[in-house]
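Visitor: Hi, I have a new model open and would like a walk through it. Could you take my questions as they come?

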Amino acid sequence: MQPIQIAVVPVTPFEQNCSILWCTKTMKGAVIDPGGDLDRIRAAITETGATIEKILLTHGHVDHAAGAAELAESLGVKVEGPGAEDQFIIDDIPRMAQKYGIEGARSVTPDLYLNEGDTVTVGDVSLEVLHVPGHTPGHMVFVHRPVGLAIVGDTLFRGSVGRTDFPYGDPDLLIKGIREKLLPLGDTMVCLPGHGPVTSIGDEKAHNPFLR
C-alpha cells in the first residue's frame, strides 16, 4: 500500500481541485485548498475515513481559501500556509467572493505561514514545501517524493501555467520558479494542479509551450 492516498473534490464555480490527502498508516489527513462547497468536502472526508488534522493552503485566492476558516473551526484544526506574502489577498476574499457569487466565503489568518524549505506533516507523512511565486507572491507547492506527487496549486497546469495578469503577478518569476524548482523534481513526478487534469513534469517539459 502506498504511504499516502489522495481524493480530489472540485469546488466553486471555478472547478478548483480541493484535495484530501491522508496517511494510510495512521489515517490522519489534511484538506488542501478548501475554496468552498464545504458540504461536498465534508462528504468526501467521510468517504475516505480519514481524520483531518489540518488544512493546507497553496495560496490565498478565493477559490482556494474561502472555506478554510469555517472548515477549520468546524473540525477544530489549524490552517497552515500559504506564505505570509499572500495575506493581503486572503483579506480580500469576502469582496472577491461577492464578485464571483461564492457563498459563505471568509478570510482567514493562518495559524502558520509557510516558507521555502519547510516541512509539513500529515500523520507519519512529510511533505516538502517549495515557494513558487509569480501567480501570487506567497504561493507554495507541496511535494511527496517517495510516491512522486506534487500538489502544485496554480503554478503549473497541463499545457499552461498560472495566470500572472494580476497587479501582483510576475510571469518571469513564475517561469523561473517552475524551471528551477518544479522541473528538477524529475520527469515522472505527477503534478496535481489547482484546476484541470493531472499531468507530469515530463509531459510539461515536452509539450508545454510556456516552458520551451
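This is a predicted model: local features need pLDDT of at least 70, side-chain atom pairs count only at pLDDT 80 or more; totals for chains, interfaces and linings use all residues.

Visitor: What kind of peptide bond joins Gly-81 and Pro-82?
Guide: A cis one, with omega at about 0°.

Visitor: OK, on to backbone angles. Which loop holds Glu-15, and what is its phi?
Guide: Glu-15 belongs to the loop between S1 and S2. Its phi is positive, about 50°, although the residue is not a glycine.

Visitor: Is Glu-15 buried or partly exposed?
Guide: Partly exposed, because its relative accessibility is 46%.

Visitor: And what about the phi of Asp-33?
Guide: Asp-33 also is not a glycine, and has a positive phi of about 60°. Asp-33 is in the loop between S3 and H1. With a relative accessible area of 2%, Asp-33 counts as buried, since the cut-off for buried is under 20%.

Visitor: Which side chain has a polar atom 2.8 Å from the backbone oxygen of Asp-33?
Guide: That of Gln-16. Gln-16 is part of strand S2, and it counts as buried because its relative accessibility is 0%.

Visitor: What else does Gln-16 touch?
Guide: Leaving out residues up to four places away in sequence, Gln-16 touches several others, among them Val-9, Pro-10, Val-11, Gly-35, Asp-63 and His-64. Gly-194 and His-195 are on that list too.

Visitor: Let's zoom out to the sheet. What is the order of its five strands?
Guide: The order is S1-S2-S3-S4-S5, in an open sheet with mixed pairing. Strand S1 (4-11) and strand S5 (78-80) are the edge strands, each pairing on one side only. On average, neighbouring strands are turned by 30° against each other, direction ignored.

Visitor: In what sense do S3 and S4 pair?
Guide: Parallel, over five bridges, with S3 covering residues 28-32 and S4 covering residues 51-56. For an example to click on, Gly-29 has Ile-52 in S4 as its bridge partner.

Visitor: Which strands does H1 lie across?
Guide: Helix H1 (residues 38-48) lies across S1, strand S2 (16-23), S3 and S4, and runs at about 160° to S1. Helix H3 (residues 68-75) lies across S3, S4 and S5, at about 150° to S4.

Visitor: Change of topic: how far apart are the end C-alpha atoms of H6?
Guide: They are 15 Å apart.

Visitor: Which residues of H6 are buried?
Guide: Leu-174, Ile-175, Gly-177, Ile-178 and Leu-182. Looking down the axis of H6, the buried residues fall within an arc of 160°, so they line one face of the helix.

Visitor: Why do residues three or four places apart point the same way?
Guide: Because an α-helix has 3.6 residues a turn.

Visitor: What do the buried residues of H6 pack against?
Guide: They pack against strands S7 (125-131), S8 (140-144), S9 (149-153), S10 (156-157) and S11 (160-161), as well as helix H7 (201-207).

Visitor: Last one: which side-chain oxygen reaches a backbone nitrogen at the start of H6?
Guide: One from Asp-170, which comes to within 3.2 Å of the backbone nitrogen of Asp-172.

Key
Residues are numbered from 1 along each chain as its sequence is written. Side-chain values use heavy atoms; hydrogens and water are left out. Helices (H or I, at least four residues) and strands (E, at least two) are DSSP runs, numbered from the N terminus. The expected span of a helix is 1.5 Å times one less than its number of residues. Buried means under 20% relative accessible area, exposed over 50%, partly exposed in between (1.4 Å probe, protein chains only). The arc is that of the directions from the helix axis to the C-beta atoms. Contact means heavy atoms within 4.5 Å. A polar contact is a pair of N or O atoms within 3.5 Å; within protein, one must be able to donate a hydrogen and the other to accept it, and residues adjacent in sequence count only if both atoms are side-chain atoms. Two strands pair if DSSP finds at least two bridges between them. Axes are lines fitted to C-alpha atoms, for helices over the stretch in contact, and angles run from 0 to 180 degrees between N-to-C directions.
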